[in-house]
Amino acid sequence: MRVEIHGHRGARGLWPENTLPGLIRTMELGVHALELDVALTADGRLVLTHDLTVSAVTSADTRPVRPDDPSFPYVGKPINSLTLAQLRTLDVGVRLPSRPDDPFAPTQLPMPETRMPTLGAVLGLVNAYEADGVRLHVELKSDPTRPALTADPELFTRLVVDELERHGRLDNAAILSFDWRVIGHAAAMAPGTSRFALIELDTLHWHDDLGDDIPAAARDAGATTLSPEHVMVDERLMSQAAAAGLDVAVWTVNDPALGARMLDLGVAGIVTDYPDRMRDLWRDRGLPLPAPVEPLRPVTV
């Protein structure tokens, strides 16, 4: 069985997350899939961000978009209250650790003056690299318990599906969400596109009727893959997933020993902040490695 390496937010442990330079370097390192997060701005643009408010860890204010902008500073403000132009003033290339034991600040290469990209820019970049062997895993950041910060799930899903289709990527992408309303809408709008139902202990309360069989509930919600937090993965869950006809892609696995245990349990994919570590594990196991994407050659005139 093919087992995949999925780069989490690009490769958060190595390069700034959800950024064009981070995604480029992750493709050039070699992954089966690039996982990234999107949210909707005040002016209806799809931007890469993990948080529904501007994170003080991954973002730093540089200047207001205009001198008298009452929304400035933007850090800490809801993404859906800011325009693309406002968000594009942020520097998202330097991690600002929120605690002394931040595991990523020591390992992540700073890339100052990096701007928050749109989903369209990412798709254009991947197509420019002709990276047909890399699947795009687009996580829609949607929280049903915080409706004021969250886009309407049907509209949000439609915008993402349309953008993937515009760039010819619907057949080589996956739609992911902890909000399974998104999964249901994606099943109706893009039945041929993979759909990952994300699940974790902290958001189990988002789902009223999971019962004792989470994979079956995910299947019934429209998922084609179950993507659980690694602490939830055991033989029972794997057996239930097999019975439901779902693959399992586990997150977020950064320790090779934990990765080895997940492989032994039979997962189909490992989501990691450190694809380089998982590539070493794949080599040790004799598993086929994803091919690195060739760098773009400079254009000469």
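The following legends describe close-up views of a predicted model.

The model is predicted, so local features need pLDDT of at least 70 and side-chain atom pairs count only at pLDDT 80 or more, while totals for chains, interfaces and linings use all residues. Residues are numbered from 1 along each chain as its sequence is written, and side-chain values use heavy atoms, with hydrogens and water left out.

**View 1. The aromatic pair of Phe 72 and Tyr 74.** Rings of Phe, Tyr and Trp (its six-membered ring) pair if their centres lie within 6.5 Å; planes under 30 degrees apart count as stacked, over 60 as edge-to-face and the rest as tilted. By this rule there are three aromatic pairs. In one of them, Phe 72 and Tyr 74 are edge-to-face, at 5.2 Å centre to centre and with 85 degrees between the planes. Phe 72 is partly exposed, with a relative accessible area of 30%, whereas Tyr 74 is buried, at 0% (buried means under 20% relative accessible area, exposed over 50%, partly exposed in between, with a 1.4 Å probe and protein chains only). A cis peptide bond, with omega about 0 degrees, joins Phe 72 to Pro 73. Most peptide bonds are trans.

**View 2. The aromatic pair of Phe 178 and Trp 251.** The ring centres of Phe 178 and Trp 251 are 5.7 Å apart and their planes stand at 90 degrees, so this pair is edge-to-face. Phe 178 lies in the loop between strand 5 (173-177) and helix 5 (180-189), and Trp 251 in the loop between strand 8 (247-250) and helix 8 (256-265), so the pair ties together parts 73 residues apart in sequence. Helices (H or I, at least four residues) and strands (E, at least two) are DSSP runs, numbered from the N terminus. Both Phe 178 and Trp 251 are buried.

**View 3. The largest nonpolar core.** A nonpolar core is a set of buried Ala, Val, Leu, Ile, Met, Phe, Trp, Tyr and Cys residues joined through side-chain atoms within 4.5 Å. The largest has 65 residues, and Val 38 and Trp 180 are among those with the most contacts inside it. Apart from this core lies another, of eleven residues, including Ala 39 and Leu 90.

**View 4. Positive phi at Asn 18 and Glu 113.** Most residues other than glycine have a negative phi. Asn 18, however, has a phi near 55 degrees, and Glu 113 has one near 70 degrees. Asn 18 is buried, at 3% relative accessibility, while Glu 113 is exposed, with a relative accessible area of 53%.
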